[in-house]
Amino acid sequence: MRRLVPMTSVCLALQGGGAHGAFTWGVLDRLLEDGRFPTAAISGTSAGALNAAALATGLAEGPEGARRRLEALWLEVSRRSPLGAAENRLPFFPFSRSMVHETIERMKLFGQLVSPYSLGLPSDNALRSVVDAVIDFPLLQSERVVPTFVSATDVETGNVRVFSGRELTADALLASACLPDIFRAVEIDGRPYWDGGYVGNPMLTPFFADDHGSTDILIVQVTPFHRSGTPETPGDIMDRVQEITFNTSLIRDLRMLTEMQRLVKGEDLENPVLRRIAGLRLHMIAADDEMSRRSGAGKLDTRWSELTTLRDLGREAAGRWLAENAKHVGQRSTLAGGFSILS
């Protein structure tokens, strides 16, 4: 008789990173396939917010439904993008990855001289058609899905806003993924918002502010902490500055949590939030090795061939993490021992 293995639910924290979010697609696909760790709650920023919405609504149909919804999301991203459409139309796409990324870098540098508000540029957000086609918003806003949290940056105050429940509209997802050099700010309730990566990438607070029935947080990282060498070209410098900026909030939150756990260890805590923080177990599927070998231009490379390559890298990373750490979920943190950022 086969012995049943008890399952431990986890809270998923999904980083943003443009098209590199397809790496997270692969991670989630492998975790859903494995099936040992049901999702208790999801927090996502930017591309992580899109993944979070697709995962949450897909899970209403079970793990296979979530896998289908995530694939549909990234297929729609590719189909509706100029690069993806070009690759789809041409039987043999004539340009190598290096050539495509070099062109993207040049366009990014030119883009620094042009505002999304410049006359003649479209005011519509190109991602709106993607989320409208893939995400069932009435379902996402209902109690039928796991608790889902999406973060964006208030342009005027610089503060984070976390959207959840009935606030999870198309505008909330677009705000979370609104890079200000590409898109116009998204206005919600009379306030303008930019990409949430500047202040919370992703936000971890929702996981211990309320009780979701799980004290295991699994972070899926897309933006590498470490990158060897000093960037010298304008494009590489811009990319590394953005990586550091988008990781600052995550490093801050992880350090804060581990320090608070150290301070309250062994204490008899009456405050339920402090009790939950004391019991948190932190895990991470990191993209350092995979993404540090890829240029920042890849965040705008939406060709289906590139997205599926990133998906496969994510599946491989999740497979390695499962082999090494699955037995520790529900027992202890697996993050702190391997990352110097927490020391």
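Which residues in H2 meet which residues in H3?

Analyst: First, the ground rules. This is a predicted model, in which local features need pLDDT of at least 70 and side-chain atom pairs count only at pLDDT 80 or more, while totals for chains, interfaces and linings use all residues. Residues are numbered from 1 along each chain as its sequence is written, and side-chain values use heavy atoms, with hydrogens and water left out.

Now the helix pair. From H2, the residues are Ala47, Leu50, Asn51, Ala54, Leu55, Thr57, Gly58 and Leu59. They meet Pro63, Gly65, Ala66, Arg69, Leu70, Leu73 and Trp74 in H3. Contact here means heavy atoms within 4.5 Å. Sorted by class, this contact holds 10 nonpolar, four polar and one charged residues. In that sorting, Ala, Val, Leu, Ile, Met, Phe, Trp, Tyr, Cys and Pro are nonpolar, Asp, Glu, Lys and Arg are charged, and the others, Gly among them, are polar.

H2 covers residues 47-59 and H3 covers residues 63-79. Helices (H or I, at least four residues) and strands (E, at least two) are DSSP runs, numbered from the N terminus. The two axes come within 7 Å and cross at roughly 145 degrees. Axes are lines fitted to C-alpha atoms, for helices over the stretch in contact, and angles run from 0 to 180 degrees between N-to-C directions. The crossing of H2 past H3 is right-handed. By convention, the near helix turned clockwise from the far one by less than a right angle gives right-handed, and anticlockwise gives left-handed.

The unreviewed UniProt entry places the feature "active site" at Ser46 and Asp195. These two positions are spread over 150 residues of sequence, yet they cluster in space, with a largest C-alpha distance of 6.1 Å. UniProt positions follow the numbering used here, feature names are shortened, and annotations may be inferred rather than shown by experiment.

Serine 46 counts as buried because its relative accessible area is 8%. Buried means under 20% relative accessible area, exposed over 50%, and partly exposed in between (1.4 Å probe, protein chains only). Leaving out residues up to four places away in sequence, Serine 46 touches Gly16, Ser176, Ala177 and Asp195. Its backbone also stands out: Serine 46 is not a glycine, but its phi is positive, about 60 degrees. Most residues other than glycine have a negative phi, and most peptide bonds are trans.

Aspartate 195 lies in strand S6 (residues 191-195). Aspartate 195 is buried, because its relative accessibility is 0%. Its contacts, again without residues up to four places away in sequence, are Thr45, Ser46, Thr153, Ala175, Ser176, Ala177, Cys178, Leu179 and Phe246.

Aspartate 189 is in the loop between strand S5 (186-188) and S6. Aspartate 189 has a positive phi, near 55 degrees, in a residue other than glycine. Proline 202 belongs to the loop between S6 and H9. The peptide bond from asparagine 201 to proline 202 is cis, with omega near -5 degrees.

Serine 214 is buried, at a relative accessible area of 9%. A polar atom of the serine 214 side chain lies 3.2 Å from the backbone nitrogen of aspartate 216. Setting aside neighbours within four places in sequence, serine 214 contacts Ser9, Val10, Cys11 and Ala40.

Glutamine 261 is in helix H10 (residues 234-264) and is buried at 16% relative accessibility. Beyond four places in sequence, glutamine 261 contacts Ile277, Ala278, Gly279 and Leu280. Histidine 328 is in the segment after helix H13 (304-325) and is buried at 18%. Histidine 328 contacts His283 and Thr334, leaving aside neighbours within four places.

Last, the whole protein. There are 13 helices and eight strands. Of its 343 residues, 52% count as buried. Among contacts between residues at least 6 apart in sequence, 77% join residues at least 24 apart.

Conventions:
A polar contact is a pair of N or O atoms within 3.5 Å; within protein, one must be able to donate a hydrogen and the other to accept it, and residues adjacent in sequence count only if both atoms are side-chain atoms.
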